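Have the viewer open and follow along.

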Amino acid sequence: MEALKGRDLLSLADMTSAEIQDLLDLAAKLKGGIVNLRCNKVLGLLFYKASTRTRVSFSVAMYQLGGQVIDLNPDTTQVGRGEPLIDTARVLDRYLDILAIRTFDQQELALFAKYARIPIINALTDLEHPCQILADLLTVQENFGSLAGTTLTYLGDGNNVAHSLMLGCALMGMNVRIATPPGYEPNPDIVERVRQIAGGSEVIITHDPIVAVKGSNVLYTDVWASMGQESSAEARIPLFQPYQLNEELLSIADSNAIVLHCLPAHRGEEITDEVMEGVQSRIWDKA
């Protein structure tokens, strides 16, 4: 873990497969009470978007490790009044030991990382959501014992969660299948990078949900309209309906398949109540 000390995490691609595995192993030990760490550090949370699980999990983890948390609400700090990001970054660098940022543009994150010497953690941007996927990978590992060779299928919008899932799966030797409506495919630059990382692992981008789901070990979905896309939500419903994670699609997957959703969920849209509350759901474990 010493190799991760002091480093930014802007993308899952910032880590190697060995570093991710070491992090997952440490997380499992912390979760099981095998390792008990105590630090005296301060984490800043600068969230421009709403958050429940990410905000709470970062805060609880920091307190449990012996650190402290400051919630830097943009509406009540000078950044909300137009202070340049490079100025904010350099000021927060003098106060904090680490800063987690949830924002829209990935470039804002990169700007903070450039001007602050402390580690900057991506708590979600429009391009990636790496910490979410670390929780997903730990859940898959808990269920199947290992990650390599496992097949994960993502259904829905080729968004930030899809991007980080692809990178995480490729780095850990998992097969990944992404099924989206035409015109909603993942970022082609991310796809190309994933194919370079994947080696012999399967990377499939398709418009056919049945092809994507068949025999898969993990079925994953997200809301059809992410934060900031609410105005297009109604128009997307008929386009995304064939990609709904329901019992019919689940029956095509491996018999021991598990279901994940990054939450919050729109029940009855991207996922049905039956699947979300079913015996194959690991959504609450992951959360």
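## Two annotated spans

First, keep in mind that this is a predicted model. UniProt, in an unreviewed entry, lists "domain: Aspartate/ornithine carbamoyltransferase carbamoyl-P binding" at residues 7-142. In the model that span is 45% helix and 13% strand, and its end C-alpha atoms lie 27 Å apart.

Another feature from UniProt, again unreviewed, is "domain: Aspartate/ornithine carbamoyltransferase Asp/Orn-binding", placed at residues 149-287. Here the chain is 35% helix and 16% strand, with 24 Å between the end C-alpha atoms.

## The nonpolar core

The largest nonpolar core has 47 residues, and the members touching the most others are I20 and L152. Helix α6 (residues 160-171) supplies the largest share of this core, with 8 residues.

So what does L152 touch, once residues up to four places away in sequence are left out? The list runs L165, C169, M174, N175, V176, R177, S216, V218 and Y220. Of these, L165 turns up again below, as one of the α6 residues that meet α5.

## Two helix pairs

A word on how to read these: a pair of packed helices is described by the angle between the axes and the distance between them.

Take helix α3 (residues 85-95) and helix α4 (residues 106-115): their axes come within 8 Å and cross at roughly 45°. That angle makes α3 oblique to α4. The crossing is right-handed. On the α3 side the residues involved are L85, I86, T88, A89 and R90, and they meet E108, L111, F112 and Y115 in α4.

Now for helix α5 (residues 130-144) and α6, whose axes come within 9 Å and cross at roughly 55°. So α5 is oblique to α6. As α5 passes α6, the crossing is right-handed. The contacts bring P130, I133, D136 and L137 of α5 up against V161, S164, L165 and G168 of α6.

Which bond is cis here? The one joining L263 and P264, with omega at about 0°. P264 sits in the loop between β9 (258-261) and α11.

L263 also has a positive phi, near 65°, despite being a residue other than glycine. L263 is in the loop between β9 and α11. Is L263 buried or exposed? Its relative accessibility is 12%, so L263 counts as buried.

L124 has a positive phi too, about 130°, and is not a glycine. You'll find L124 in the loop between β4 (120-122) and α5. With a relative accessibility of 7%, L124 counts as buried because the cut-off is under 20%.

## A loop residue: E277

Last stop is E277, in the loop between α11 (273-276) and α12 (283-286). Leaving out neighbours within four places in sequence, E277 is in contact with R267 and W284.

Definitions and conventions
Residues are numbered from 1 along each chain as its sequence is written. This is a predicted model: local features need pLDDT of at least 70, side-chain atom pairs count only at pLDDT 80 or more; totals for chains, interfaces and linings use all residues. Side-chain values use heavy atoms; hydrogens and water are left out. A nonpolar core is a set of buried Ala, Val, Leu, Ile, Met, Phe, Trp, Tyr and Cys residues joined through side-chain atoms within 4.5 Å. Buried means under 20% relative accessible area, exposed over 50%, partly exposed in between (1.4 Å probe, protein chains only). Helices (H or I, at least four residues) and strands (E, at least two) are DSSP runs, numbered from the N terminus. Contact means heavy atoms within 4.5 Å. UniProt positions are given in the numbering used here, feature names are shortened, and annotations may be inferred rather than shown by experiment. Axes are lines fitted to C-alpha atoms, for helices over the stretch in contact, and angles run from 0 to 180 degrees between N-to-C directions. Angles under 35 degrees count as roughly parallel, over 145 as roughly antiparallel, 65 to 115 as roughly perpendicular and the rest as oblique. A crossing is left-handed if the near helix is turned anticlockwise from the far one by less than a right angle, and right-handed if clockwise.
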